[in-house]
Amino acid sequence: MLEGSIGAWQNKHWSMHFYDDHADAYSERTSTVDMSDVYRRFLPHLPSGARILDVGCGPGRDLKFFRDQGFRVQGIDSSREMVKRALAAGVPVHHKSCLDMNEENTFEGIWASASLLHLTRVDFVQALARLFKALCSQGAFYFSVKAGDGVQTDAEGRLFTYYQVDDLKQILAQFSEVAIQEIWLSGDSMGRSQVQWINVICLKK
């Protein structure tokens, strides 16, 4: 279903307090981030009117863009406050974790911009399995994580798991149903010189 809702899901895996407590500031800071290069790489893989799932959609910036391009959209986010803001912006969102998804062959496109980096490596692999299952045959899946090594918890309680390109290639090789279409490094769109991102587009066979 495409209706938005705020469910009773409670986060069992990591703290969402930062995004709940700083929802307004985070929304304002990320609202003008230029994602045009990634849109340009991702959207040509989708048919007209495709259904796109935005994982960790925040206040709905990318959902609104996809909707305005004529796509059918659905968002999920683990932060109640982010869900409230996305619903207020007029896009359909559920309060839900990707680790709780059970959909099969539902979405032609899945978008997870800077959201899966908050999972442990074990949960990251489990999330990929659920998301690939939800992706239709010939569908496209985009995600981004921070480049680096190890795991860090910041002062606000957010977990960050870092990856190298070879790490991701080895993890994705476990999933025979998908193939890497494109993988590239990029700088930080919010101007943080010390941050580098790994971007991946996979296609389901």
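This is a predicted model: local features need pLDDT of at least 70, side-chain atom pairs count only at pLDDT 80 or more; totals for chains, interfaces and linings use all residues.
Local features need pLDDT of at least 70 and side-chain atom pairs count only at pLDDT 80 or more, while totals for chains, interfaces and linings use all residues. Residues are numbered from 1 along each chain as its sequence is written, and side-chain values use heavy atoms, with hydrogens and water left out.

**Whole chain.** Start with a cartoon view: you have seven helices and nine strands, taken as DSSP runs numbered from the N terminus (helices H or I, at least four residues; strands E, at least two). Of the 205 residues, 48% are buried, meaning under 20% relative accessible area with a 1.4 Å probe, protein chains only. Among contacts (heavy atoms within 4.5 Å) with a separation of 6 or more, 66% join residues 24 or more positions apart.

**H6 and H7.** Now select 121-134 and 165-172, helices H6 and H7: they pack at about 50°, axes 11 Å apart. That angle makes H6 oblique to H7, the class left over once under 35 degrees (roughly parallel), over 145 (roughly antiparallel) and 65 to 115 (roughly perpendicular) are taken out. Show side chains: from H6, Arg121, Phe124, Val125, Leu128 and Phe132 meet Asp167, Leu168, Ile171 and Leu172 of H7. Seven of these contact residues are nonpolar, none polar and two charged.

**Gln74.** Last, jump to strand S2, residues 72-77, and pick Gln74. Gln74 counts as buried because its relative accessibility is 3%. A polar atom of the Gln74 side chain sits 3.3 Å from the backbone oxygen of Pro92.

How values were computed. Axes are lines fitted to C-alpha atoms, for helices over the stretch in contact, and angles run from 0 to 180 degrees between N-to-C directions. Ala, Val, Leu, Ile, Met, Phe, Trp, Tyr, Cys and Pro count as nonpolar, Asp, Glu, Lys and Arg as charged, and the others, Gly among them, as polar. Buried means under 20% relative accessible area, exposed over 50%, partly exposed in between (1.4 Å probe, protein chains only). A polar contact is a pair of N or O atoms within 3.5 Å; within protein, one must be able to donate a hydrogen and the other to accept it, and residues adjacent in sequence count only if both atoms are side-chain atoms.
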